[in-house]
Amino acid sequence: MDFMDYTLEELHEQLVKKEVTAVELVEAAYARIDATDEQVGAFLALNKEEALKAARETDEKGIDPHNVLSGIPVGIKDNILTKGVTTTASSKMLEDFVPVYDATATEKLREAGMISVGKLNMDEFAMGGSTENSAFKLTRNPWDLSKVPGGSSGGSAAAVAAGQVPVSLGSDTGGSVREPAAFTGLVGMKPTYGRVSRYGLIAFGSSLDQIGPFTRTVKDNALVLNAISGHDPKDSTSFEGETPDFTEQIDQGVKGLRIGVPKEYFNEDAKETGVIESVRAALKVYEEMGAEIVDVSLPHSRYGIPAYYIIASSEASSNLQRFDGIRYGYRAEDTHSLEDIYVKSRSEGFGLEVKRRIMLGTFSLSSGFYDAHFKKAAQARTLIRKDFDTVFADVDVLVSPTTTSTAFDIGGKIDDPLAMYMSDILTVPVNLAGVPSLSIPCGFSNDMPVGMQLIGNHFDEQMLYRVAYAFEQATDHHKQKPAFKGGE
Amino acid sequence: MAINEETVRQVAKLAKLEIEEESVHAFTKEMDSIIEMVEQLEGLDTEGIEGTYHGLQQHNVWREDKAEKGTDREELFKNVKTRKDGFIEVPEMFENGGSEA
């Protein structure tokens, strides 16, 4: 069983026809992990016994023919709580933390019959763009093991790209699903803020965080988003409106649609020209299919990075105050005062990048700088949001590159935090505005996959899947596989 | 310089973090370049613009004022390092027998 050869619907059909069992799918996932993960390093923890038990139960009660996710293995990013399975957010701070409840997204996947096989590596507390900030291990890009898989959901991307699991969940605060999806040739979704409950997602930037799926195909992605979306009484910021079926309009094509091309997202002086060339070629495909390509402007885009780093870091500095060494998580030894417990536990438990963000956030919220930093960034956020409101009055969807380059070398940016922050330049405005965005494979540059970013209006994920699906049907980029097979 | 070593020490104190004295200089330099980057916002005219502080413009989320069972107390203690008499036990907290409290 090679997950790369099948869509979720095809796997489902085989399950229903009893050509394959849920146990066999779960065993196939572990066999592939055994063969490849020493090199890829996607997983932090495996729960084989529990997964096989769940698979046996699924086989015994029979696959629900109306539930396409039933019996399908999934991997979950390590900042999403899984009851009884260690959840560390790749931090020494939570090295031995075993959640006593499931995140709502985890619970919904279980209810849909999916079987979680383990937890996936990430940048510590989701802060980073390469997964090199994990306290535990390095994850490599299956397309080229000398390159990063992107981040912060790098383990989630690498696991699907290496064929270890057909689906994984990640989280996206400033691009952490879309950038790794782009770097590994996958489909990755950042839903509208509020679409998916954040309950049980270890908080980073609470007004920006969203959970989203990684899959090989567009329809697979829509099917998983169907399962995890919806209002949750346990998350008051979750959207109270209806959740549509995201596959409903998927095959309606792009004829007559207006596709906006934001000029600020196409840096013609970019070092790696292959990225923009691939996206421009994709726009030609859309034009040939009858879409109208419209030049648009998002004039406040250049303020996205500074506004994002202030807001996300300020929210993080507040969210991460809960890690105090008292109730759970890492506690330093040999402490002699309350201050000592806090300071030593935090200083020993957090990694360097997390400390940088906490420091920046604390500084931006401090009394002398609040107006110039936090308030100013919130105002910039309003202007960025209004840019999107304005263009969506005129176009149905926006198309841009997801990143300015393909996957970079391991070690290439890790000592230069500013260069790493700039990797998010095309993805952070989306989180600030709260709109949904999907990255899909659209070609290759330097033999590495290129991601195309589709951005939609609030709660219009249906449009994104429709536009993405039309491109996927017309091209075969999603069928390309990395040469890496493991074991060499 | 947008930030100096003294400010870094002060902010670390507020954030309950310890920056080792030998790395304060390098850390300050790094923070300085990050703060210089975020201060590009100075060039943006935001006169009269309301700030956006939430991801979704959804106000006053209500629920019935009805008691519901929360997570089991024993369960919640599973991640507690040390406990005593039904409480979380912590190391000695006050340097001189608690008199500073």
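Me: In what order do the 11 strands of the open sheet in chain A lie?

Reply: As a general idea, the strands of a sheet pair through backbone hydrogen bonds, either parallel or antiparallel. In this predicted model, the strands of chain A follow the order β1-β3-β2-β4-β6-β5-β10-β11-β9-β7-β8 and form an open sheet with mixed pairing. At its edges lie β1 (43-46) and β8 (292-296) of chain A, each of which pairs on one side only. From one strand to the next, the twist averages 30°.

Me: Which strands of chain A show the parallel sense, and which the antiparallel?

Reply: One parallel case is β2(A) with strand β4 (residues 167-172) of chain A, joined by three bridges. There, A:V74 stands opposite A:V167 of β4(A). An antiparallel case is strand β10 (residues 437-445) of chain A with β11(A), which pair over eight bridges. Within that pair, A:V450 of β11(A) is the bridge partner of A:G443. β10(A) and β11(A) form a hairpin with two residues between them, and A:N446 in the turn has a positive phi of about 50°. Strand β9 (residues 397-401) of chain A also runs antiparallel to β11(A), through four bridges, and A:L398 stands opposite A:I455 in β11(A).

Me: Is strand β11 of chain A buried or exposed?

Reply: A residue counts as buried when its relative accessible area is under 20%. Eight of the eight residues of β11(A) (residues 448-455) are buried, so this strand is largely enclosed by the rest of the structure.

Me: Which helices of chain A pack on the sheet or lie across its strands?

Reply: Helix α5 (residues 154-161) of chain A packs on the sheet, where it touches β1, β2, β3 (115-120), β4 and β6 (210-215) of chain A. The direction of α5(A) makes about 155° with that of β4(A). Helix α15(A) lies across β5, β9, β10 and β11 of chain A and runs at about 20° to β10(A).

Me: What span should the 14 residues of helix α15 of chain A have, and how does the model agree?

Reply: At 1.5 Å a residue, α15(A) (residues 461-474) should span 20 Å; its end C-alpha atoms are 20 Å apart, which agrees. Because 12 of its 14 residues are buried, α15(A) is largely enclosed by the rest of the structure. Among the buried residues are A:M463, A:L464, A:Y465 and A:F471. Their cover includes β5 (187-190), α7 (218-228), α8 (273-288), β9, β10 and β11 of chain A.

Me: At what angle do helices α2 and α3 of chain A pack?

Reply: Helix α2 (residues 22-40) and helix α3 (residues 48-61) of chain A pack at about 155°, with their axes 7 Å apart. An angle over 145 degrees counts as roughly antiparallel, and α2(A) is therefore roughly antiparallel to α3(A). The contact includes A:V23, A:V26 and A:Y30 of α2(A) together with A:A51, A:L52 and A:A55 of α3(A). By class, this contact of α2(A) with α3(A) has seven nonpolar, one polar and four charged residues.

Me: Where is A:L94 found, and which residues does A:L94 touch?

Reply: A:L94 is found in the loop between β2 (73-77) and α4 (104-111) of chain A. With 1% relative accessibility, A:L94 counts as buried. Leaving aside residues up to four places away in sequence, A:L94 touches A:T87, A:T88, A:A89, A:F125, A:I202, A:F323, A:Y328 and A:G329. The C-alpha atoms of A:L94 and A:V74 are separated by 22 Å, the two residues being 20 residues apart along the chain.

Note on methods
Residues are numbered from 1 along each chain as its sequence is written. Chains are lettered from A and ligands numbered from 1 in the order in which they are written. This is a predicted model: local features need pLDDT of at least 70, side-chain atom pairs count only at pLDDT 80 or more; totals for chains, interfaces and linings use all residues. Side-chain values use heavy atoms; hydrogens and water are left out. Buried means under 20% relative accessible area, exposed over 50%, partly exposed in between (1.4 Å probe, protein chains only). Two strands pair if DSSP finds at least two bridges between them. The expected span of a helix is 1.5 Å times one less than its number of residues. Contact means heavy atoms within 4.5 Å. Axes are lines fitted to C-alpha atoms, for helices over the stretch in contact, and angles run from 0 to 180 degrees between N-to-C directions. Angles under 35 degrees count as roughly parallel, over 145 as roughly antiparallel, 65 to 115 as roughly perpendicular and the rest as oblique. Ala, Val, Leu, Ile, Met, Phe, Trp, Tyr, Cys and Pro count as nonpolar, Asp, Glu, Lys and Arg as charged, and the others, Gly among them, as polar.
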